[in-house]
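Hi,

Here is the structure I promised to pass on to you. Have a look at it first, and then read on for what turned up.

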Amino acid sequence: MNLLPTPYPDELIYSVIARAGVHWGISSPKQLLDEIYEDRNVSSRLYFPNHITLISNKYPKVLGLDQETLIYKHTLFPLYAPFLLEHTRQQCLMWLCGSSKGAVHLATGHAASRLSPLIYLRYCPTCLFKQLKRYGEYYWQRIWQITGVDSCLEHGLLTNSIIKTQNPRKHQFVEACPRYCIHCSQTKPTQQSLLIAKQAQILLNMRSMVSPSFSQWTSFYYLLAQSAGAVRKNRIQHEEVKDRVIAFWSLPWLNSLGLDINSSDTNWLRCIFRKHRRAFSYLQHIIVMATLLPLDWRIDKTIDAVKKQKTTLDTHSNTTLFVRSAKLVSSYRVRWLRAVKALGIENARHSGFGDCYAWLYRNDNAWLRATNIEFRSTVTSVNQRVNWKSRDKKTVRTLIRLKNCHEATLDAPRWSANWYISSLKRSVTIEKNLEKLPLTQMFLARFSESIDEYQIRRLSREIIAIGSENKNLIYRSVLLRRAGLSEERLKPLTRKFLCQIMEIRCRD
Ligand SMILES: [Zn+2]
């Protein structure tokens, strides 16, 4: 019997199987399945592989590669596990050890997730080079295959390989190699990506442990809002939280991940601050926590604190999580006051005090707002000088250019009014003075993409992609999954479009 290669640090099981094929000189996917699973119908699952018990039994006991170690060190399950109910987590572990037939994808919320799925397996060129030097071969790492993590913490932006995450040949395991992972230079990562990567890395390194309950998450988020000054008269100020999340991460970035925050009463951000009835994704948790917790927060410590939560709201039990040093707060306040007195708000932000502003924005928001209002009122007369008519014309010209530039990109985020405005240079001024900009208003009313239109665009994108893969059959469920949509979220117009498409495909 051939020995299965030992997994490298952070290597996906998928990658271990692919390497086994290379080591043993087996190029036929079915023969590889025969060799490893003695079953030719096993699918090559990238995120949540099955039959972990069988894989674990192939290693000598001395390596310590038991089922739980393989699942927590070599699959993406730990990214989801702490946010699932405990009995769901246990059920998923059982499925992963045996056969789940896709049930883990459903139970973790991965299948119906609103997060934009990755189309291609990704890699960090510099890490690959280091792997080759150290181990003599390449392998796929977990941290590269996570929506929201677009960069390596050490080297820069990740690169798409030419291997699709949804491989049309579902029994094939494809190895990382120079043919699929072309060496290229890396650009600097975005701040958002680094923040997500840091916390995702911590999640991936967490050990198997009991998950918090939904009521503990509910209590935690109420206290989080309270500690961030976003609760008044016992009510969470959802609009204020929304403004802060958008200011911290930016709308285009949130939209690009499928996490747009619309004005509906049931948008995901409002729901996470209400009674939890379902699990939220790692990315939703990280986005909210990073916005409202102090700068040095860590997701593992935060999950520990959530688990200590009593289900009735007890503010005293949690204070340690939110403690901010009074001395630190005071030093930032003094620094900002000096700067703002001498330079005014905008100048201070752009003249070496941006870090101070950002810190206060996140940790002492109520004070910062009150202080800034005081200073803003003294300089309002300056605004008289803006020529709104000319500003209006210029803005519309920029918007038209933006539209022309993006309209052929089918996988762009939703072209909502917010997206258009936030792509402009002076987005906040434009948004606040829309009533003085009639042409801009007309443009936004005419060209902003509705949710129906956006859903139809996503479906069209996938129909074209499926066409280019030479597939004649399209299943409704597959099409929806590829487009990142679910039956429940379909708008009436999208539903009609989808029905017509399915009808046409059947007639063909
Ligand atoms: Zn790297």
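Arg244 and Glu240 sit four residues apart in helix α10 (residues 238-249), which means that about one helical turn separates them. In this predicted model, the two form a salt bridge, with their closest N and O atoms 3.6 Å apart. Arg244 is buried, at a relative accessible area of 2%, and Glu240 is buried as well, at 9%.

Another salt bridge joins Arg461 and Glu462, at 3.0 Å from N to O. Both of these residues are buried.

What about pairs from distant parts of the chain? Asp150 and Arg122 meet in a salt bridge of 2.9 Å, N to O. The partners are 28 residues apart: Asp150 lies in the loop between α7 (125-135) and β2 (151-152), and Arg122 in strand β1 (residues 120-123). Arg122 has 7% relative accessibility, so it counts as buried, whereas Asp150, at 28%, counts as partly exposed.

There is also a network of salt bridges, which links Glu239, Asp265, Arg270 and Arg274. The whole structure has 18 salt bridges.

Now for the overall picture. The chain has 26 helices and six strands, and 50% of its 508 residues are buried. Of the contacts between residues at least 6 apart in sequence, 70% join residues at least 24 apart. As for charge, the mean positions of the 74 positive and 40 negative charges lie 5 Å apart.

Enjoy exploring it!

Conventions
Residues are numbered from 1 along each chain as its sequence is written. This is a predicted model: local features need pLDDT of at least 70, side-chain atom pairs count only at pLDDT 80 or more; totals for chains, interfaces and linings use all residues. Side-chain values use heavy atoms; hydrogens and water are left out. Helices (H or I, at least four residues) and strands (E, at least two) are DSSP runs, numbered from the N terminus. Buried means under 20% relative accessible area, exposed over 50%, partly exposed in between (1.4 Å probe, protein chains only). Contact means heavy atoms within 4.5 Å. Lys and Arg count as positive and Asp and Glu as negative; His and the chain ends are not counted. The place of a charge is taken as NZ of Lys, CZ of Arg, CG of Asp or CD of Glu. A salt bridge is a side-chain nitrogen of Lys or Arg within 4 Å of a carboxyl oxygen of Asp or Glu.
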